[in-house]
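Thanks for coming. I'll go through one chain today, starting with a single residue and then moving out to the whole. Please look at the screen.

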Amino acid sequence: MPLLELVDLRVCVEDKEVIKGVSLKIEPGEVHVIMGPNGSGKSTLLSAIMGLKKTRICGGSIIFNGVDITNMPSYERAKLGIALAHQNPPEIKGVKLIDVANAMAKKYGCSDCTLLAKTLLVNSFLHRSLFVGFSGARKREQSYFY
């Protein structure tokens with residue numbers, strides 16, 4: 001069974017169809033790279049897989065581990081293990097990673113969220129504003145935890 005399968009997927013942003021009939025199967029353990037010029041729909045495709053609100057599936061389906069997630073909200077997709085990290089996330093002054101981890105722990109009953117963040121990140125990152133003053137690589141590294 002494929003890990004991810006896109007079946008004749010069509011994605012709209014506002015009233016414009018941006019992704020026009022993409023079909024793809026990704027088997028467990030495979031790595032795929034999506035490449036193309038700016039404006040070709042790469043981010044739109046990934047946003048649709050994640051279920052972000054700016055996109056609308058206007059045809060086809062998305063199957064993850066045998067489950068049709070086409071109409072599933074993004075938070076349910078995240079529970080299945082689907083995540084989207086930003087290559088260059090925006091700086092958010094005044095919001096610290098430790099605060100985000102604690103809020104996640106409180107909201108989702110995840111008692112080890114802060115501990116996980118502390119073990120995966122240098123402790124000084126936890127008390128800095130999100131992505132402020134980081135290089136591109138450090139921003140990407142920090143964004144993997146959202």
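Is alanine 78 buried, exposed or partly exposed, and why? Keep in mind that this is a predicted model. Alanine 78 counts as partly exposed because its relative accessible area is 40%, and that class runs between the cut-offs of 20% and 50%. The residue sits in helix H2, which covers residues 74-80.

Now the inside. The largest nonpolar core has 14 residues, and the members touching the most others are Leu4, Leu6, Leu9, Leu45, Ile49, Ile62 and Ile82. At least two residues of this core come from each of strand E1 (4-13), strand E2 (16-26), helix H1 (42-50) and strand E3 (56-64). Another core lies apart from it, with 6 residues, including Ile98, Leu126, Leu130 and Phe131. As a general point, nonpolar side chains tend to be buried together in soluble globular proteins.

Which residues does isoleucine 82 contact, leaving aside neighbours within four places in sequence? They are Ile49, Met50, Phe64, Ile69 and Arg77.

Last, the whole chain. There are 5 helices and 6 strands, and from the N terminus the order is β-β-α-β-β-α-β-α-α-β-α. The chain has 146 residues, of which 32% count as buried. Among contacts between residues at least 6 apart in sequence, 57% join residues at least 24 apart.

Notes. Residues are numbered from 1 along each chain as its sequence is written. This is a predicted model: local features need pLDDT of at least 70, side-chain atom pairs count only at pLDDT 80 or more; totals for chains, interfaces and linings use all residues. Side-chain values use heavy atoms; hydrogens and water are left out. A nonpolar core is a set of buried Ala, Val, Leu, Ile, Met, Phe, Trp, Tyr and Cys residues joined through side-chain atoms within 4.5 Å. Buried means under 20% relative accessible area, exposed over 50%, partly exposed in between (1.4 Å probe, protein chains only). Helices (H or I, at least four residues) and strands (E, at least two) are DSSP runs, numbered from the N terminus. Contact means heavy atoms within 4.5 Å.
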